[in-house]
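Have the coordinates open as you read.

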Amino acid sequence: QILYLKPPWTLANLLKCYKKHWMAVFGYVVPRSLLSTIECLYKHLCTGKTVDSTTVGILLQESKKLLHAFSSRSDYNGVLPQAYAEVNKLHQTLTEVRAALVRSDSEQDLSEDIMVLSENAVCEKMEAMAPNLQNCEEKKIHPSFHVAQENRHQEIWSVLEGVWNTMNLYSIEIFQKLDPNAVTVTAKSSFEEAFLGLQKLLAAVNGIREGISR
């Protein structure tokens with residue numbers, strides 16, 4: 001009755017309403033510190049700025065954080081789990097793409113390092129054979145390889161977090177369906193969809209385990 005902006009809302013209007021009514025309403029439902037999440041989403045999604053992949057990853061994480069916080073109050077007739085699953089799917093896709101790019105960059109940097117080290121080995125042999133030859137080409141070790149390895153650790157952590165969130169969502173849905181006292185809601189995954197999703201999850205976990213073993 002006293003909304004700052006009446007529906008129907010755009011995303012920008014919705015985030016404005018969050019900010020306007022945060023202290024009086026939403027701050028009593030979810031942690032008040034999440035106001036920074038609202039401001040982050042508004043700054044990057046509603047001001048016409050272009051964002052890079054790193055920022056997109058941050059925005060998806062912040063969105064998941066916000067949806068998860070509201071899930072402690074209600075599932076909003078099944079809308080919230082569906083929204084969370086879609087955001088999580090986007091985040092996993094982005095993570096996979098970035099991981100593939102990091103792997104590609106790492107392999108390229110490694111091959112360049114090997115080539116440079118081989119060139120230096122040839123130079124050392126030439127210096128040994130001809131003492132008067134000097135100033136052989138210096139080593140060109142690329143620090144980006146080491147940076148890529150550090151980024152790889154962050155990517156692995158992000159994948160593991162995505163696996164946990166997906167497993168948690170499917171578990172909630174399955175137990176809700178098995179509980180005869182649970183309220184039946186629409187727009188939820190079927191048993192078949194949940195089962196297939198868990199099979200994919202199992203394959204992903206096995207892949208991660210094999211990767212860690214290697």
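## Surface and overall make-up

The chain has an accessible surface of about 14900 Å², with 60% of that belonging to carbon and sulfur atoms (Shrake-Rupley method, 1.4 Å probe; for residues, only the protein chains shown count as cover). Keep in mind that this is a predicted model, where local features need pLDDT of at least 70, side-chain atom pairs count only at pLDDT 80 or more, and totals for chains, interfaces and linings use all residues. Residues are numbered from 1 along each chain as its sequence is written, and side-chain values use heavy atoms, with hydrogens and water left out.

There are 6 helices and 0 strands (DSSP runs numbered from the N terminus: H or I of at least four residues for helices, E of at least two for strands). Among the contacts with a separation of 6 or more, 58% come from residues 24 or more positions apart (contact means heavy atoms within 4.5 Å).

## Helix 1 against helix 2

The axes of helix 1 (residues 11-20) and helix 2 (residues 35-45) come within 10 Å and cross at roughly 150° (axes are lines fitted to C-alpha atoms, for helices over the stretch in contact, and angles run from 0 to 180 degrees between N-to-C directions). That makes helix 1 roughly antiparallel to helix 2 (under 35 degrees is roughly parallel, over 145 roughly antiparallel, 65 to 115 roughly perpendicular, the rest oblique). The contact uses L11, A12, L15, K16, Y18 and K19 of helix 1, plus L35, I38, E39, L41, Y42 and L45 of helix 2. Sorted by type, these residues are 9 nonpolar, no polar and 3 charged (Ala, Val, Leu, Ile, Met, Phe, Trp, Tyr, Cys and Pro are nonpolar; Asp, Glu, Lys and Arg charged; the others, Gly among them, polar).

## Helix 2 against helix 3

Within helix 2, T37, I38, C40, L41 and Y42 are buried, and their cover includes helix 1 and helix 3 (53-71). Helix 2 packs on helix 3 at about 140°, axes 10 Å apart, so the two are oblique to each other. Here T37, I38, C40, L41, H44 and L45 of helix 2 meet T55, L59, E62, S63, K65 and L66 of helix 3. This contact divides into 6 nonpolar, 4 polar and 2 charged residues.

## A histidine in helix 4

H91 sits in helix 4 (residues 79-129) and is buried, at a relative accessible area of 4%. Leaving out residues up to four places away in sequence, H91 touches G57, L60, Q61, K64 and S158.

Note on methods
Buried < 20%, exposed > 50% of the residue type's maximum accessible area, 1.4 Å probe, protein only.
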